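Let's take a walk through this protein together. Have the model open beside you and follow along as we visit its pockets and a pair of helices.

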Amino acid sequence: MDLMDIQPPPPGAYAEADGVTYHYIETGEGSPTVFLHGGGPGCTGWSDFGQVAPLFAADRRCFLVDILQYGKSAKPVIKGPMWDYHAAKTVALLDSLGVARADFICNSWGGTIALNLAAKYPERVRSLVITGSMPVFYGPLAPLPEGGRRGRNARDVYYGGDGPSPVKMRELMARLEWYDADVVPERTVKLRHEQSLDPEEMALAAASDNPRGDWQDLTDELGRIEAPSLFMWGMHDAFLTPDYPLMLARMVPRGNLHIMSRTSHHLQEERPYDYYSVVTGFLNQHHA
């Protein structure tokens, strides 16, 4: 199986959750595992985790979710604290799916949602795997690179000027998400670019107000997380250097840290077999 060459997404399904509609792809059987993707242009549950999903699906019931405002999920304008909104709606999605408790495997934006969810709804989370997320706005080597604005700047550049293009998508992925720019998969570039042209996503990107909600700092929440948590980080993450997740792992009572060489922001795509090996080993531990 060549996991570097992502396959076309299988048919997904829709679920109503407290007034909004989520799109997700379900695969495999076993322990419920929810995958939440990052916030880059064109990201979806499948674009971020479709490569490793076949491995996890061997013994897990996997839900690759399109976060609200992304993919085929609803794109509401969010008002008020953004991470509280996403956490509450994700819990409503779990209710709709009949999932009482799940493991969460998350990248970037999705990881911050899951951290807040674990703090506010601890009974719904068995364990957490978090990559490249920024739940607090400071670090031991403060200030954070570019003040933590690099992701938002990248979105503005991608959608600005002459607008989205496959070339700009490849450049964005090569510069910010992958360690080795020469192996960025063309199928993933195509998948992300095509999704980024969704009219509602483009409207959100162009909105001058704040349709994504009010940013929250989760310092207080991190200390209340009961679930065992693994921070999976790229040694060369373009957004947050490894000192940052070490700080997070110490702030979360049952925090752990794994730094993976030769990776940047999308470990699960750059080294899918190695990512799976480390993550499944953590998830299969006896978490009392």
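In this predicted model, the largest pocket has a volume of about 230 Å³. To find its centre, look for Pro-9, Thr-44, Lys-72, Leu-191 and Gln-195, which are the closest to it among the 17 lining residues. Strand S2 (20-27), helix H1 (45-49) and helix H7 (186-196) are the elements that each give two or more residues to this lining. The largest share comes from H7, with 3 residues. Sorted by class, the lining has 7 nonpolar, 7 polar and 3 charged residues.

Now move on to the second largest pocket, which holds about 190 Å³ of space. Helix H5 (150-159) and helix H8 (199-206) each supply at least two residues of its lining, and H5 gives the most, with 3 residues. Among the lining residues you can pick out Trp-109, Arg-152, Asp-156, Leu-204 and Trp-215. By class, this lining has 6 nonpolar, 1 polar and 5 charged residues.

Our last stop is a pair of helices. How do helix H3 (residues 82-97) and helix H4 (residues 109-120) cross? Their axes come within 8 Å and cross at roughly 75 degrees. Angles of 65 to 115 degrees count as roughly perpendicular, so that is how H3 and H4 lie to each other. On the H3 side, the contact is made by Met-82, Trp-83, Asp-84, His-86, Ala-87, Thr-90 and Val-91. H4 answers with Trp-109, Thr-112, Ile-113, Asn-116, Leu-117 and Lys-120. The residues of this contact divide into 7 nonpolar, 4 polar and 2 charged.

Notes. Residues are numbered from 1 along each chain as its sequence is written. This is a predicted model: local features need pLDDT of at least 70, side-chain atom pairs count only at pLDDT 80 or more; totals for chains, interfaces and linings use all residues. Side-chain values use heavy atoms; hydrogens and water are left out. Axes are lines fitted to C-alpha atoms, for helices over the stretch in contact, and angles run from 0 to 180 degrees between N-to-C directions. Helices (H or I, at least four residues) and strands (E, at least two) are DSSP runs, numbered from the N terminus. Angles under 35 degrees count as roughly parallel, over 145 as roughly antiparallel, 65 to 115 as roughly perpendicular and the rest as oblique. Contact means heavy atoms within 4.5 Å. Ala, Val, Leu, Ile, Met, Phe, Trp, Tyr, Cys and Pro count as nonpolar, Asp, Glu, Lys and Arg as charged, and the others, Gly among them, as polar. On a 1 Å grid over the protein atoms alone, a cavity is a set of points where a 1.4 Å probe fits but cannot get out, and a pocket is an open set with protein on both sides within 12 Å along at least five of seven lines; lining residues have an atom within 4 Å of a point. Grid points are joined across faces, edges and corners, and a volume is the space filled by probe spheres set on the points.
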